[in-house]
Amino acid sequence: MNKPITFAVIGGDPRQAKMAEMLARDGHKVLAFALEKSEMPPCIKQVSEIREAIFPADCIVLPLPVTGKPGYLNTPLSGEVCTLDEVFRLIGKKQLVCAGRVQADTREAAEKYGIEVIDYFAREELAILNAVCTAEGAIAIAMDNTAITLCNAKILVLGFGRIGKVLAHRLRGLGADVYVSARSHADHAWIKAYGYKPMHTYNLVGKLKDFDVIINTIPSLVVTEELLAEVDKDCLLMDLASKPGGIDFAAAARLGLSAIWALSLPGEAAPFTSGEIIRDTIYNILQEREENS
Ligand code: NAP
């Protein structure tokens, strides 16, 4: 992304603050609003009125997730309270608007003003690289919450999607004995091809004894009470999947098992890298629009 343009970065957490800094260091003009609790370098102009950021911008970058409470912009680094209406009514039809995890309330608010919002969180390149941040965050939690090394630990990763793939690879690199569950024949073949031990996600009964760590990435209840009853008391259970998750936490508590639901790891474990991933995704969106115009 070489041609310098003007960005408005409105609201968000340390990921957006870091992204703003990186955009400015790349030579773009960056106007920031509702990020005043974050330390910004002088190359970023922090403005006190939202219109001062929006009017001159070619591209407006809204937070991930775009809303905190429904109808309101997510502004954890600011004292500003801003409704979506207040944002979208100021935006012109020619301006590019990018936001993260766009839900119906945001789409409806934008449509009222004829504004199209591009969801950068829905982009595959962002999801893949976020899997790296998530896997590293999960490994840090596993290290902090076990009394053993991950080297030589017997670890099961449930699911072989983006996070499952990256996590299995990193655990293997640490010397763990890695088992991976999946439901398709093709995934079982890939799991074998990479040298992990395959298990079938729907055929785990009688097979969960002796694991030191079990990490779920499947967003559907797969680790039921029946399966949890087999798990060793010293085993660390971790769920990375978004709601509804894949582990029966109430049953885990009843059985006295240690279970952690570790969500939002990219922003927590690696806010700077997450900001970089968002910046690169926005550059890709801009480049595609230029190629298609
Ligand atoms: P993904 O690439 O879609 O992978 C999901 C995996 O779960 C695939 O192996 C898929 O199998 C399997 N799966 C889905 N539904 C299933 C079901 N009903 N029964 C059995 N297997 C099922 O997703 P991902 O990017 O790895 O993300 C995994 C989860 O983590 C999502 O919920 C995502 O929102 C969440 N996430 C969490 C964090 C965090 O910080 N904790 C960060 C990013 C994402 P098939 O391929 O056979 O469908």
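How far from a polar backbone atom of G161 is an oxygen atom of the ligand? Select both to begin: the separation is 3.2 Å, which falls within the limit for a polar contact (a pair of N or O atoms within 3.5 Å). The model is predicted, so local features need pLDDT of at least 70, side-chain atom pairs count only at pLDDT 80 or more, and totals for chains, interfaces and linings use all residues. Residues are numbered from 1 along each chain as its sequence is written, and side-chain values use heavy atoms, with hydrogens and water left out.

Next, select Y202, where an N or O atom of the side chain lies 2.5 Å from a nitrogen atom of the ligand. At S264, a polar backbone atom is 3.2 Å from an oxygen atom of the ligand. The protein covers 74% of the 930 Å² of accessible area that the ligand has on its own (Shrake-Rupley method, 1.4 Å probe).

Now turn to the largest nonpolar core, which has 30 residues. Such a core is a set of buried Ala, Val, Leu, Ile, Met, Phe, Trp, Tyr and Cys residues joined through side-chain atoms within 4.5 Å; buried means under 20% relative accessible area (1.4 Å probe, protein chains only). Select F7, C59, Y120 and I282, the residues with the most contacts inside this core. Leaving aside neighbours within four places in sequence, F7 is in contact (heavy atoms within 4.5 Å) with residues including L23, V30, C59, I282 and L286.

Methods. Buried < 20%, exposed > 50% of the residue type's maximum accessible area, 1.4 Å probe, protein only. Polar contact = N/O pair within 3.5 Å; in protein donor to acceptor, adjacent residues only side chain to side chain.
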